[in-house]
Amino acid sequence: MKGDGILYDALVARLREQFAALPADAPVRLGKRTSNLFRTRAASTAPRLDVSGFSGVLAVDVEARTADVLGMTTYEDLVDAVLPYGLMPLVVPQLKTITLGGAISGVGIESSSFRNGTPHESVVEMDILTGDGRVVTCSTSENPDLFYGFPNSYGTLGYALRIRIELEPVSPYVALKHVRCSSTTEAAEVMRKACLGHEAGFVDGTWFSPTEVYVTLGTWSDTAASVSDYTGMDIYYRSIQSRENDTLTVKDYLWRWDTDWFWCSRAFGAQNPRYRRWIPRRYKRSDVYWKLVAFEKKHRWKTRWDLRKGQPPREDVVQDVEVPVDRLAEFMDVFARDVGMEPVWFCPLQQRDPEAVWDLYRFDPGTLYVNIGFWGTVPMKPGQGDNAHNRLIERLVDDLGGRKSLYSTSFYEPEHFWELYNGPAYDVLKKTYDPDGRLLDLYAKTVQNR
Ligand SMILES: Cc1cc2nc3c(=O)[nH]c(=O)nc-3n(C[C@H](O)[C@H](O)[C@H](O)COP(=O)(O)OP(=O)(O)OC[C@H]3O[C@@H](n4cnc5c(N)ncnc54)[C@H](O)[C@@H]3O)c2cc1C
C-alpha cells in the first residue's frame, strides 16, 4: 500500500505546481514510462508532466470491496495489491502495463465485460487534474458531467489522479471450456447464449478461420486437479485449439494474453521452440514486445529488409472495434475476404448500468456487442492507397452500427468524428474543464496524431 492521504495530498500539491510551471504555449503532455497506444504521435520537445509518483494503491476496503488507486497504476500492480485480499477489479484489461487511468480515459475491455461493462463503469469516484489546473472530484453525484464525460476523453479534459473502484471476490482458479464452432454465426450464438444466460463468469472467443472459431467460457473454481502454465514453453492461444478443458490460477487467467501479447509474439520468433526455451519468463511480456515494435517503427530495419527481398510493403492493422453481436458474422465475412489476418479476438460486452449515459462513448444498453481485436500487418496490393485496410474497417464498423476504439490510427473527417463521439457534449466539457486549451483536443489527438 502506498500510504495515507497526507502523502497523496503532497503528491497533488507538487503536481499542481509542476503543471502551473509548464509553458503555456505548448500542449501539456503526460510523462509516463509505458504506453499501450498504437498511433504514432508527433515528436515533441515540450516538457512533460511527470506523473511517476501517481502509481500505487492507497487503500483497499475489504468490507466495502473498493480500492483507492493512483491514476497511473498499472493493472499488474493493482492486481498484485488486491488479489491477496481475494478481490479483483471488475474488468482487468489483458496487458499488464495498461494503467487504470488509461483504461478509463480510453475504453478498456476483457472477458468479464459482458456482465461488468467497461472499466469506467466500476469507478465510484475520481480526482481529476483538469486542463485549467484544478483538481476536481467527480462521481455520479459530484460534478457528474465530468464523471460521465471522462471515458473516451484520452487525457484531453484532464488526468485521473486518484480513482476509487469497485472490486469483486475471486476463487483460486478459473476452469475453462473451449467450445469449438464451425462458423462465426455459430460462435456469435454461443456467446449470446452464454452471456445472456450467465452460463459463465468470463466469455471471450478466438477466430482462427471462417470454419474454426472457439468460444472460451471461464467459471470460478475452488479446486483444481492440475493447472496449466503458459508462461513457459506452452502457448495459451494454441492450447485453445488443442484442448477442450483447462484450468488456470486466477492470476494466470488474468494475464493469459500478456505472455505472448495475444499471438503477436510470433512476429519476433518467440513462439519457435528453438528460441522460446532461451527466453526467460520475465521477458515474455507485452511491454517487452512493445519495445521491439517501437524500435522497428523508429529504425524500420525489417521493413527495409523485406522491401529489398522484393516483398510488398505492409500496412499495420491494429484495431479494436465493437459491433452488435448480430452483425459479427457480417463483419468477419468482409474481414476474412478483404483483410485476411488471423487469429482475431472476440470479447462480448454490454453496458453494466442500463440507465447510465457515458457521453463520449455511448452504447445501446439493450444490445450485446462484441469487441473484435486484430493486431498485425497485411501486405498492400499494387495501387492500394495508404491505410486502405484501416479505412475499409472504419467504414464497415459504421455500416454495421458499431464503434471504434481510438487508441490506434483513425481517419474520420471532423464532422463525422464529432457525430460519432458527441461533439456538442465534448465542446461543453472542454469549455468547462480546459477553457484555455492547455490539453489537446480529442480530434487533434486521436485522428491528427498530434
Ligand atoms: C495491441 C493492442 C491491444 C490492446 N488490447 C486491449 C485489450 O484487449 N483490452 C483493453 O482494454 N485495451 C486494449 N488495448 C488498448 C488500451 O487499453 C488503451 O490504449 C489504453 O488507453 C492504454 O492505456 P495506458 O494505460 O497504456 O495509457 P497510455 O497508452 O499511456 O495513454 C493512453 C491515453 O490515455 C491517456 N491517459 C493515460 N493515463 C491517463 C490518466 N490517468 N488520466 C487521463 N488520461 C490518461 C493518455 O493521455 C493517452 O491519450 C490494446 C492496445 C493495443 C495497442
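Around the ligand stand 32 residues, of which Lys32, Ser35, Gln94, Thr99 and Ile109 come nearest; a residue is counted as near if one of its heavy atoms lies within 4 Å of the molecule. The model is predicted: local features need pLDDT of at least 70 and side-chain atom pairs count only at pLDDT 80 or more, while totals for chains, interfaces and linings use all residues. Residues are numbered from 1 along each chain as its sequence is written, and side-chain values use heavy atoms, with hydrogens and water left out.

The shell around the ligand divides into 18 nonpolar, twelve polar and two charged residues. In this grouping Ala, Val, Leu, Ile, Met, Phe, Trp, Tyr, Cys and Pro are nonpolar, Asp, Glu, Lys and Arg are charged, and the others, Gly among them, are polar. Helix H3 (100–105) and strand E8 (158–169) each supply at least two residues of this shell; helices (H or I, at least four residues) and strands (E, at least two) are DSSP runs, numbered from the N terminus.

| Residue | Ligand atom | Distance |
|---|---|---|
| Gly102 | oxygen | 3.0 Å |
| Ile109 | oxygen | 2.7 Å |
| Gly155 | nitrogen | 3.4 Å |

Taken alone, the ligand exposes 950 Å², and the protein buries 97% of that (Shrake-Rupley method, 1.4 Å probe).

Asp246 belongs to strand E12 (residues 245–249). Asp246 is buried, with a relative accessible area of 4%; buried means under 20%, computed with protein chains only.

Notes. Polar contact = N/O pair within 3.5 Å; in protein donor to acceptor, adjacent residues only side chain to side chain. Buried < 20%, exposed > 50% of the residue type's maximum accessible area, 1.4 Å probe, protein only.
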